[in-house]
Amino acid sequence: MPISNNKKDKLRKLLLEESQDEAVLKFPPNFLWGSSTSSHQVEGNNINNDWWAWEQEGLADDHQVSGVAADHYNRYDADFSLAKELQQNAHRLSIEWSRVEPEDNEWNMKEVEHYRKVLLSARDKGLKTMVTLHHFTNPMWFVNSGGWLQKEAPEIFQSYVLMMIKHLGDLIDFWVTINEPLVYASQGYIAGVWPPQMKSPIKTNRVVRNMAKAHILAYRSIHNLLDKDKFKAKVGFANNVSSYQIYNKHSFKDYAFMQGVDMVWNHWFMHLTKNCHDFIGLNYYFHYRIAKARFSQVQFFTDIRKERRESSDVGWEIYPPGIFDVVMDMSKYKLPIYITENGIAVEKDSRRSRFIVSYVKELYHAIQAGAPVKGYFYWSLLDNWEWEKGYNARFGLVDVDFKTQKRTVRESALVYADIARNNGIPHHLLKFVGHVTLGEITVKD
Ligand code: BGC
């Protein structure tokens with residue numbers, strides 16, 4: 001249900017007035033309200049990695065290339081000032097491995113110094129730093145020697161991690177070793193969509209296991225080198241966790257299949273890296289409806305636009321209760337949970353505002369029900385390079401004009417700022433934005 005113009009004006013006025021509301025769905029004290037980015041998606045000119053090479057072959061939609069991206073490499077300071085103005089108190093970013101180690105065991109100290117400046121800038125603005133060490137991209141020299149398939153991959157990754165601990169360790173509040181290992185492995189090694197475009201379940205298995213070993217080595221190194229006295233580093237990985245539902249509740253076969261998929265997709269990497277997490281990084285985007293127990297039904301990035309359910313511009317279902325379900329499920333590990341990514345690609349920004357309020361509201365309920373959620377990072381601070389979709393998907397709180405690099409703060413960013421300022425959801429947002437149920441708008445079956 002669209003909101004009327006009159007209501008829109010009232011909402012805008014409230015947002016601009018930065019009004020305080022007495023009635024707020026309050027979040028716990030010290031809750032982190034941030035947003036996420038990753039190096040290749042925003043920095044620009046990451047010329048030494050496998051994605052850059054892949055793009056030059058014209059494989060992304062409309063043959064696009066990442067090019068200068070959002071030029072965040074040069075504009076990080078102004079971008080962090082925006083995040084601060086938008087009331088955020090944390091930021092998740094990634095280090096581009098191919099910048100700091102452009103050749104095997106050759107370190108570019110200028111780039112290392114660059115990331116020191118980046119992290120200092122974030123800290124200066126009161127943003128806690130959450131740093132991802134591997135966000136899908138690999139240096140070409142690593143790929144050429146076998147990438148994540150080679151036996152030595154975990155140790156090779158560890159030597160990069162050791163350098164980062166030594167030179168940046170004092171500036172990092174949260175370490176995310178690897179972003180979405182299962183998405184990386186399945187997109188690159190089963191679906192064959194991302195580099196290195198292979199289609200082999202055996203290789204996928206090897207990649208996942210090597211990444212798990214790499215996580216364990218990184219976890220241990222970070223603790224060995226940084227823990228002292230009362231200080232303990234905080235290390236995790238970002239797990240892409242999906243919620244599942246079966247159409248036919250009476251089919252035992254479908255139910256068993258769903259349980260199997262859930263076990264592999266959501267929990268396998270947790271098991272492979274058991275006892276090596278200080279928190280759970282949870283990226284939530286997908287709700288899958290399993291029609292028949294067939295592997296093809298759980299392919300990634302299933303486009304449900306034809307089903308007439310409400311979905312984002314890229315065809316992903318909007319289903320707020322899903323985040324409640326996965327958070328409750330992941331609570332069983334009894335570790336602090338940070339939503340390291342959650343976001344929507346839409347041109348129509350009012351839909352992003354509704355998305356944020358509805359998903360954060362579900363988190364509020366999960367916390368009330370006992371889930372140890374400690375932070376939420378919206379994906380993404382800026383419009384960015386969305387992998388094979390190029391610049392066609394707009395996830396940002398801040399609009400980026402890729403020709404001029406002009407930043408324009410979207411209204412949804414103000415809605416999110418309102419939540420961060422109030423450390424919860426003020427009732428005026430519920431009144432103007434939050435009462436629309438986004439999931440289940442039209443049901444086909
Ligand atoms: C990835 C991001 C990506 C986002 C939206 C996540 O799986 O970590 O890099 O941009 O999804 O597709």
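Predicted model: local features only at pLDDT ≥ 70, side-chain atom pairs only at ≥ 80, totals over all residues.
View 1. By class, the shell around the ligand comprises six nonpolar, three polar and three charged residues. The residues around the ligand are Gln41, His135, Phe136, Asn179, Glu180, Tyr285, Trp316, Glu341, Trp379, Glu386, Trp387 and Phe395.

**View 2. Polar side-chain atoms and the oxygen atoms of the ligand.** A polar side-chain atom of Glu386 lies 2.4 Å from an oxygen atom of the ligand, while for His135 the corresponding distance from a polar side-chain atom to a ligand oxygen atom is 2.8 Å, and for Glu341 it is 2.9 Å. On its own the ligand has 310 Å² of accessible area, of which the protein covers 98%.

**View 3. The largest cavity.** The ligand takes up the space of the largest cavity, which holds about 170 Å³ of space. Its lining consists of 19 residues, of which Glu180, Tyr285, Glu341, Glu386 and Trp387 are the closest to the centre of the cavity. Divided by class, the residues of this lining are ten nonpolar, four polar and five charged.

**View 4. The second largest cavity.** A search of the whole structure finds five cavities of 30 Å³ or more, and the second largest cavity has a volume of about 80 Å³. Of the 13 residues that line the second largest cavity, Glu43, His72, Ser94, Tyr115 and Val118 are the closest to its centre. At least two residues of this lining are supplied by each of α2 (39-42), α4 (72-85), β3 (90-94) and α6 (109-124), and by class the lining has six nonpolar, six polar and one charged residues.

Key. Residues numbered from 1 in each chain as written. Heavy atoms only, no water. 1 Å grid on protein atoms, 1.4 Å probe; cavity = no way out; pocket = protein on both sides within 12 Å on 5 of 7 lines; lining within 4 Å. Points joined across faces, edges and corners; volume = space filled by probe spheres on them. Nonpolar A, V, L, I, M, F, W, Y, C, P; charged D, E, K, R; others polar. Helix = DSSP H or I, 4+ residues; strand = E, 2+ residues; numbered from the N terminus. Near = heavy atom within 4 Å. Polar contact = N/O pair within 3.5 Å; in protein donor to acceptor, adjacent residues only side chain to side chain. Areas by Shrake-Rupley, 256 points an atom, 1.4 Å probe, with all protein chains shown as cover. Sits in = over half its atoms within 2 Å of the grid points.
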